[in-house]
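Please follow the account below alongside the sequence and the coordinates.

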Amino acid sequence: GTEVPCNVALYPYAEGISLSGASLDAGTAYKIDGVVIPAVQNYVAGSFGNGSFPMVAVTETISDHALRFKNILGAMKLQFKGAQKIVSIKVEGKNNETLSGPATITAYADDMTPAIIMAGTDDSAKSVTLDCGDGVQLSESIVTDFIIALPPVNFSDGFIVKVTDADGDSYEIVTDVTNT
């Protein structure tokens, strides 16, 4: 119901979002409220799961239908070797960084990078889990990539990656180093 002089598109499609516009020194910005960054993503070999990597596009005019999508999130790529069958990987910051849940996205009419503000405050918003279904079998000699979409965040005290295998055993990778 908001009249705007261009096309603003969000992928993947989401119900219940709202759009508002504002003029800024850098140009025109469009605020998209009601976006939810999933706390659980599904594993896809060599990529990220469907629906876990939102993108936004803003055209120059209403008659311009060439949507040039820009990524909103970044990605953490983990590479493992071994004999285990991985069923899940959970990432969380050591300083309560918000990684999932409700978010507001700001998209710009010019070629600026979109911005995201995470609004989740409960414990479930403090992590993202990659669900590997029945499991992904590792190899002792070939690296297997796992890609997890994350909002741009500064892990000021480092982060923890908890890997769970099909036998129910868990392995933790912990860093205390600031990581963006």
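In this predicted model, threonine 175 belongs to strand S14, which covers residues 170-175. Threonine 175 has a relative accessibility of 18% and is therefore buried, since the cut-off for that class is under 20%. A polar atom of the threonine 175 side chain lies 3.2 Å from the backbone nitrogen of valine 177. Leaving aside residues up to four places away in sequence, threonine 175 is in contact with Lys94, Asp157, Gly158 and Phe159.

Lysine 94 also takes part in a salt bridge, its side chain meeting that of aspartate 176 at 2.1 Å, N to O. This pair links distant parts of the chain, 82 residues apart: aspartate 176 is in the segment after S14, and lysine 94 is in the loop between strand S8 (85-93) and strand S9 (101-108). Aspartate 176 is exposed, at 59% relative accessible area, whereas lysine 94 is partly exposed at 32%.

Side chains of opposite charge can pair when their charged atoms come close. The structure holds three salt bridges. One of them joins the side chains of lysine 77 and aspartate 145, at 3.8 Å from N to O. Because lysine 77 lies in strand S7 (residues 74-80) and aspartate 145 in strand S12 (residues 144-150), this pair ties together parts that are 68 residues apart in sequence. Aspartate 145 has a relative accessibility of 23% and counts as partly exposed.

A salt bridge is also formed by the side chains of arginine 68 and aspartate 64, with an N to O distance of 3.3 Å. Here arginine 68 is partly exposed, with a relative accessible area of 47%, while aspartate 64 is buried at 18%.

Note on methods: Residues numbered from 1 in each chain as written. Predicted model: local features only at pLDDT ≥ 70, side-chain atom pairs only at ≥ 80, totals over all residues. Heavy atoms only, no water. Helix = DSSP H or I, 4+ residues; strand = E, 2+ residues; numbered from the N terminus. Buried < 20%, exposed > 50% of the residue type's maximum accessible area, 1.4 Å probe, protein only. Polar contact = N/O pair within 3.5 Å; in protein donor to acceptor, adjacent residues only side chain to side chain. Contact = heavy atoms within 4.5 Å. Salt bridge = Lys/Arg side-chain N within 4 Å of Asp/Glu carboxyl O.
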